[in-house]
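The exercises below are meant to be worked through with the sequence and the model side by side. Try each task before reading its solution.

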Amino acid sequence: MEMIAGLIGTPSVSSTDPRLDMGNREVIELLAGWLGALGFRVEILPVDIARGKFNLMGTLGAGSGGLVLAGHTDTVPWDEHRWHHDPFRLTEANARLYGLGTADMKAFLALAVEAARDLDPRTLRRPLVILATADEETSMAGARTLEDEGRQPGRYAIIGEPTGMQPVRMHKGMMMEAITIQGRSGHSSDPALGESALEAMHRVIGEIIAWRTELQAANRDPAFAVPFPTLNLGHIHGGDNPNRICGECELQLDLRPLPGMDLDALRSTLQERVRGALQDTAVQVRFGTLLDGVPAMQTDANSEIIRTAESLTGHPAGAVAFGTEGPFLSRLGTETVVLGPGDIAQAHQPDEFLALDRIEPMLALLKKFIRRFCVDGR
Ligand SMILES: [Zn+2]
């Protein structure tokens, strides 16, 4: 409880808005102190030194394989006026622990440290690794840095994102793109005086919706509540006045692919189709990426980490609608299950909480995983 309070009491907001963005060094140092005292070899890995962002990898025991307990150290920003508790002071009330990061997901990191407390490193046949990352809530820079540097943390991983203690092996990917059409403005009384970007965008939207229909017909997965890829046209802006031909128009969209759909391939098909729709026009088009995409996640149903998670929790591994660092770990060869004590309904909300009755069961669960993967040495 002291460790959870310490982590909650150390603000580490990550935000794409530089006025809200904070470093995570102090959270990393808290974890480093606790893990060092338990005999872990602790590495603090720079992610973005100028912005004060670091990952931490703590290892107990030696050898290959092993189990990783992974979580992000950052939280989203908070709405000052909508919280009834201090977001940075762990508050126990109504059989709940309130605070920013209780469910999503600093409390899990404290539980991971606690699960390792009574371990004798000499009994470990495979290493136990605790991985704490930076900037999951924004750029996933921490996980991307691990991938760029080829730092495979271990053979199997549990990411303690809020899944209500049920194992998850799949989620969709996510990408956000902008399409900007440059036409030419002119007096509305004579169409020959300009080139309407808005009318060109009308063609583009028609083409994108046709593409979406094809994507959704070709890709289905009943494991997901929304069993097809989604493509949302979320923002459009163009022109300034009814009596001027619209000179520029921008569209922003969000695309959420199923596992198996490649982000780069989707991006190039999108660009191809947009260019095709504008072929016989005089407008110019630019493409922009608003967020580096997050790939979809899919861990094999027969992976040892999935089978173990299913047998220890009594729940089949499912799919969720939110993204995680899982696909980055997967690409490093770490087979990953997402399994944590919080509920997603409380994440990113005022009065975020973790139910007290999740703490002991999650701790017991983590100890069983450690026994199975590190002591018995799968
Ligand atoms: Zn999270």
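A crossing of two helices is left-handed if the near helix is turned anticlockwise from the far one by less than a right angle, and right-handed if clockwise. The structure is a predicted model, in which local features need pLDDT of at least 70 and side-chain atom pairs count only at pLDDT 80 or more, while totals for chains, interfaces and linings use all residues. Residues are numbered from 1 along each chain as its sequence is written, and side-chain values use heavy atoms, with hydrogens and water left out.

**Exercise 1.** Describe how helix α7 packs against helix α9.

Solution. Helices (H or I, at least four residues) and strands (E, at least two) are DSSP runs, numbered from the N terminus. Axes are lines fitted to C-alpha atoms, for helices over the stretch in contact, and angles run from 0 to 180 degrees between N-to-C directions. Between α7 (residues 304-313) and α9 (residues 359-375) the angle is about 140 degrees, and the axes are 11 Å apart. That makes α7 oblique to α9, given that angles under 35 degrees count as roughly parallel, over 145 as roughly antiparallel, 65 to 115 as roughly perpendicular and the rest as oblique. The crossing in which α7 passes α9 is right-handed. With contact meaning heavy atoms within 4.5 Å, the residues involved include I305 and L312 of α7 and F369 and F373 of α9.

**Exercise 2.** Find which residues ring pairs link into a cluster, and describe the pair of W78 and F88.

Solution. Rings of Phe, Tyr and Trp (its six-membered ring) pair if their centres lie within 6.5 Å, and planes under 30 degrees apart count as stacked, over 60 as edge-to-face and the rest as tilted. By this rule there are 4 aromatic pairs. W78 and F88 make an edge-to-face pair, with 4.8 Å from centre to centre and 90 degrees between the planes. The cluster consists of Y156, F369 and F373.
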